[in-house]
Amino acid sequence: MGAIRSLAVYIAMTFLRRIVMLSRSRKFGRYPEAMWANCALGTIQASIALLVLLSVVHPAFAVNPDLETVLTGSRQRIEKLDYRATGRITRVEGNGKRTSYKFVGKAHWFPDGLRLLCEISGPGSEEKTSLLLHMSVSGHVTIEAVLPGEKAASVLPFERWNDPLVGTDFSYEDMVESQFFWKNQRLLAPEKYGARDCFVLKSMSGFQDRTYYDSVTSWIDRGILYPVHVVKTLRRTGQQREFIYYGLRQVGGVWSATQVEAKVQGKPGSSMLVIEGGSGKANLGRKDFDIGQSGDRGTKAK
């Protein structure tokens, strides 16, 4: 490493010395424009060589192999999704009161990204919410919904993405893991979460990301590359929403959680999404994600 760095410095100094020698030469005055052009070209070549070599030896320019492992593993897990699931979402109040909703969902990764369709019903027979979330290969999310009392699907305005989903601690955009596809990613110091050794990934949203979150920090099990704990921080307010994953299992080569608990900072109680049945290899097609005829309820997705 030291020899390569020395070589890079040597190349740069050689070209700089050449410029000084030419500036003192008698011949320099005869062809000033050509000489300066050659000198400039030499300096550019030296700079390129120096940057290339320093990219090999200097950590600031080097690719972090652990970061690449975490992002590749997390994205590939999502890109393999093809499931049907049934279960329930339960909101537990601070005083212990429980309100449960039936949950039916399915998801599949297509060439243009992920589609997730879910239906949440109860506790009354007329209370039903249907959602179709689409996340593109670049992480861009759109949401269509049929809310209680409505007959046709329409685009859910972005202003509502952070609303509580059927009164629980999950928001609408929490149903997909778009943070792994954001451009700004970095690894923090590794930590244990419980008995698990974890990578700690901080995903930071940019202006191009449609999200209410400023950042998402994920504790990802080093062995299976699946999150066991996630903390999402809201833009402007800094309020945090915490998610804890239980009952991790591998089905059809893909890891998943049987239970996800959500908690909102400063709000008593929590909510639990519990998966009770389903199939990890559902062989779904486009026709399985028809939420109905789209209407117009306001702001369209950009």
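Visitor: Where does Thr 258 sit in the chain?

Guide: Thr 258 belongs to strand β12, which covers residues 254–264. Strands (E, at least two residues) and helices (H or I, at least four) are DSSP runs, numbered from the N terminus. Here the protein has 13 strands and 3 helices.

Visitor: What should I know before reading the numbers?

Guide: This is a predicted model, so local features need pLDDT of at least 70 and side-chain atom pairs pLDDT 80 or more, while totals for chains, interfaces and linings use all residues. Residues count from 1 along each chain as its sequence is written, and side-chain values use heavy atoms, leaving out hydrogens and water.

Visitor: Is Thr 258 buried or exposed?

Guide: Thr 258 has a relative accessible area of 15%, so it is buried (under 20%; exposed is over 50%, partly exposed in between, with a 1.4 Å probe and protein chains only). Across the protein, 44% of the 302 residues are buried. Among them are Cys 118, with a relative accessible area of 2%, and Cys 198, at 1%.

Visitor: Which residues does Thr 258 contact, beyond its neighbours within four places in sequence?

Guide: Contact means heavy atoms within 4.5 Å. Once those sequence neighbours are set aside, Thr 258 touches Tyr 246, Gly 247 and Arg 249, and also Leu 273, Val 274 and Ile 275. Its side chain comes to 3.3 Å from the backbone oxygen of Gly 247.

Visitor: And how do contacts look over the protein?

Guide: Take the contacts with a separation of 6 or more: 50% of them join residues 24 or more positions apart.

Visitor: Which residues lie nearest the centre of the largest pocket?

Guide: A pocket is an open set of points on a 1 Å grid over the protein atoms alone, with protein on both sides within 12 Å along at least five of seven lines; lining residues have an atom within 4 Å of a point. In this model the largest pocket has 38 lining residues, and Tyr 83, Tyr 226, Ser 256, Ala 257 and Ile 275 lie nearest its centre. Elements giving two or more residues to that lining include α3 (65–79), β1 (82–92), β11 (240–251) and β13 (270–279). Strand β12 gives the most, with 6 residues.

Visitor: What classes of residue make up the lining of the largest pocket?

Guide: The lining has 22 nonpolar, 8 polar and 8 charged residues. Ala, Val, Leu, Ile, Met, Phe, Trp, Tyr, Cys and Pro count as nonpolar, Asp, Glu, Lys and Arg as charged, and the others, Gly among them, as polar.

Note on methods
Polar contact = N/O pair within 3.5 Å; in protein donor to acceptor, adjacent residues only side chain to side chain. 1 Å grid on protein atoms, 1.4 Å probe; cavity = no way out; pocket = protein on both sides within 12 Å on 5 of 7 lines; lining within 4 Å.
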